[in-house]
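Biologist: I have a model open and want to learn to read its features. Where do we begin?

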Amino acid sequence: MDWLASVDIYCERVGLGFWAEPFNALSNLSFIIAALWAAIEARKRGADGAIWLLIGMAGLIGVGSFTFHTFAKTWSEYADTIPIWSFVAMFVFIAMARVGGVRPGRIGAIALGVAAVVVVITLASGEGVAPAPGTLNEPEFLNGSAQYAPAWIALLVFSVLSWRRKHPMWPWIWAATAVFSLSLVFRTVDMAVCPIFPVGSHFVWHLLNGAMIALLLQMLLRAPAPIGRGRSVHPHREK
């Protein structure tokens, strides 16, 4: 693997410079804003360490994605994807335990199943395959968006279950699912719109994903403890 190979899979990039993708790079501020909003609320509500870890991961998504869209090398691609999937895994664990009331043993089994699906879809779509030395990446199936299918499916299932169980946070979860669905569209059509919109649409994916993460974090901060789980994980009085 050539860690210094150039990665060019986005419409906006037309050169090898650090600022060759200014919209794609700067739009990652949305993740930082989502993390800051969550941090303000977490401090008000006395959130515990797990929530603070999740907030930190949200901020790292913005840093990692900014790194990828500026350096645009194989190594920086991992700086982008590792924080994203770390956040997804951590969120799934916390949400299933604190919103769904799922026991730790079952969470582990579900997590293994999700991981297996991610690996299969990643291999099938070609996502994460390094380019040959000195070459640029060719567009992948669905422009690489297929790798996010497990996250979208998990969020959709989570939305349906929360609605059917009349969980008080279901509007937040549905809103996050809708925003993520729309963001996937903009990620997928980035290269397709390039001839008529040279900036592309990938930066909208960043903006909408920042909004989705903000909604999910705010949902967790406001979520009451599941029935039968004792006192709330946020022992403050709701304001």
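Modeller: With contact, which means heavy atoms within 4.5 Å. Keep in mind that this is a predicted model.

Biologist: Which residues in H3 meet which residues in H8?

Modeller: On the H3 side they are Ile51, Leu54, Ile55, Ala58, Ile61, Ser65 and His69. Their counterparts in H8 are His202, His206, Ile213, Leu217, Leu220 and Leu221. Sorted by type, the residues of this H3 and H8 contact are nine nonpolar, four polar and no charged.

Biologist: At what angle do H3 and H8 pack, and how far apart are their axes?

Modeller: The angle between H3 (residues 49-71) and H8 (residues 202-222) is about 175 degrees. Their axes lie 11 Å apart. Angles over 145 degrees count as roughly antiparallel, so H3 is roughly antiparallel to H8.

Biologist: Next, charges. How many salt bridges does the structure hold?

Modeller: General idea: side chains of opposite charge can pair when their charged atoms come close. The structure holds four salt bridges. One of them joins Glu21 and Arg13, with N to O at 2.5 Å. Glu21 and Arg13 are both buried.

Biologist: What does Glu41 form with Lys44?

Modeller: A salt bridge, with the closest N and O atoms 3.7 Å apart. Glu41 and Lys44 are about one helical turn apart because they sit three residues from each other in H2 (residues 29-45).

Biologist: Is Glu41 buried or exposed? And Lys44, buried or exposed?

Modeller: The cut-offs decide: under 20% relative accessible area is buried, over 50% is exposed. Glu41 has 10%, so Glu41 is buried. Lys44 has 55%, so Lys44 is exposed.

Biologist: Which residues of H6 are buried?

Modeller: Pro150, Ala151, Leu155, Phe158, Ser159 and Ser162.

Biologist: Which residue just after H6 takes a positive phi?

Modeller: Lys166, with a phi of about 55 degrees.

Definitions and conventions. Residues are numbered from 1 along each chain as its sequence is written. This is a predicted model: local features need pLDDT of at least 70, side-chain atom pairs count only at pLDDT 80 or more; totals for chains, interfaces and linings use all residues. Side-chain values use heavy atoms; hydrogens and water are left out. Axes are lines fitted to C-alpha atoms, for helices over the stretch in contact, and angles run from 0 to 180 degrees between N-to-C directions. Helices (H or I, at least four residues) and strands (E, at least two) are DSSP runs, numbered from the N terminus. Angles under 35 degrees count as roughly parallel, over 145 as roughly antiparallel, 65 to 115 as roughly perpendicular and the rest as oblique. Ala, Val, Leu, Ile, Met, Phe, Trp, Tyr, Cys and Pro count as nonpolar, Asp, Glu, Lys and Arg as charged, and the others, Gly among them, as polar. A salt bridge is a side-chain nitrogen of Lys or Arg within 4 Å of a carboxyl oxygen of Asp or Glu. Buried means under 20% relative accessible area, exposed over 50%, partly exposed in between (1.4 Å probe, protein chains only).
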